[in-house]
Amino acid sequence: MNYDVIIIGAGPAGISASLYAKRANLKVAVIYSGESQLEKAHKIENYYGFADGISGTELYKNGIEQAKNLGVDVLNAEVTHIELLTPPPKTLYTIKAGENEYSAPGIILATGNKKLRPQIEGITEFEGKGVSYCAVCDGFFYRKKNVAVIGNGAFAVEETSHLAHIAENVTILTDGKDDSQLKAELSKNPSVSEKVKIDNRKVSKIIANEENTKVGGVIFSDEEKLLFDGIFVALGSAGAADFAKKLGLLLNGDSISVNEKMATNAPGIFSCGNANGGLLQVCKAVYEGGVAGLSAVDYIRNLRK
């Protein structure tokens, strides 16, 4: 399905962006999945207009209903892939979410920053030395080598699918987690699943290679060892930094770099809210969402001239 603007994330930033874009008569979709950080807030007492405060869950649900009532398509699906389909000047991006694909010339990232690091000894020590968070970025360095992907969901399968065409062997390490979703996702792509192994054991440590220069493998809780040349982390669902790396967006640490209009360095892609770092508050997310929505409106209107 085609849209003018697709917003990834249904928190205060994403919903605010959708309201401004929709009120400008654009065709807008918000795609989201999983639990929002806002829902974890028991009570919010520092946001304008709520004399007795409001729970994060209520504010979150109210925002989604507001967008739906205005005519925004709000879709509950996990976004696993974003790709540039048509280059400038008529930019068009395609998005894979769940079983469906969507396209739009304008994208607003409002997922927050969901980068998850497993509690495994050695994971931090080997970041940049064999531990990676982006298969598209770093998969090339592991041609014909043995790699592992840590994860147990759709995002892990997406990363695995990319690596399966590059690496000699790919093993998904669930780190003791349930693998039912993983197997269901893999079954949709037999050409990938037949090349992939799954190991459900708990990982206790990441170890160095013989030269003690980079990743050499993992040790499981049963003290057995598996050797790998590289380890890719793909826990939970993809966040802003994950998409940014795949799209070549400039980052400041794990935060997306934007200008005053919330525009990234890629044409048609905007970012707002926690994805940009800074003050992690609802007021900032709402403001940046409004700016991103209006900037996306200007971008789409200029494309139509």
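Which residue in β13 is the bridge partner of Ile 207? The partner is Gly 217.

## Basis of the model

This is a predicted model, in which local features need pLDDT of at least 70, side-chain atom pairs count only at pLDDT 80 or more, and totals for chains, interfaces and linings use all residues. Residues are numbered from 1 along each chain as its sequence is written, and side-chain values use heavy atoms, leaving out hydrogens and water.

Helices (H or I, at least four residues) and strands (E, at least two) are DSSP runs, numbered from the N terminus. Two strands pair if DSSP finds at least two bridges between them.

## The β12–β13 hairpin

Strand β12 (residues 203–208) and strand β13 (residues 215–220) run antiparallel and are joined by five bridges. Six residues lie between the strands of this hairpin, and Asn 212 takes a positive phi near 60°.

## The three-stranded sheet

An open sheet is formed by three strands in the order β4-β5-β6, with antiparallel pairing. Its edge strands, each pairing on one side only, are β4 (79–86) and β6 (100–104). From one strand to the next, the twist averages 25°. Angles run from 0 to 180 degrees between N-to-C directions, and axes are lines fitted to C-alpha atoms, for helices over the stretch in contact.

Helix α7 (residues 240–247) packs on the sheet and touches β4 and β5; the direction of α7 makes about 30° with that of β4. Contact means heavy atoms within 4.5 Å. Five bridges link β5 (residues 92–97) to β6 in the antiparallel sense.

## Ile 95

Ile 95 belongs to strand β5 and stands opposite Tyr 102 in β6. With a relative accessible area of 0%, Ile 95 is buried (under 20% relative accessible area; exposed is over 50%, partly exposed in between, with a 1.4 Å probe and protein chains only).

Leaving aside neighbours within four places in sequence, Ile 95 is in contact with residues including Ile 6, Ile 8, Ile 31, Val 79 and Tyr 102. The C-alpha atoms of Ile 95 and Ile 206 are separated by 33 Å, with the two residues 111 apart along the chain.

## Helices α1 and α2

The axes of helix α1 (residues 12–23) and helix α2 (residues 56–70) come within 10 Å and cross at roughly 15°. Helix α1 is therefore roughly parallel to α2 (angles under 35 degrees; over 145 is roughly antiparallel, 65 to 115 roughly perpendicular and the rest oblique). The crossing is left-handed, meaning that the near helix is turned anticlockwise from the far one by less than a right angle.

Ile 15, Ser 18, Leu 19, Lys 22 and Arg 23 in α1 meet residues of α2, among them Gly 63, Ile 64 and Leu 70.
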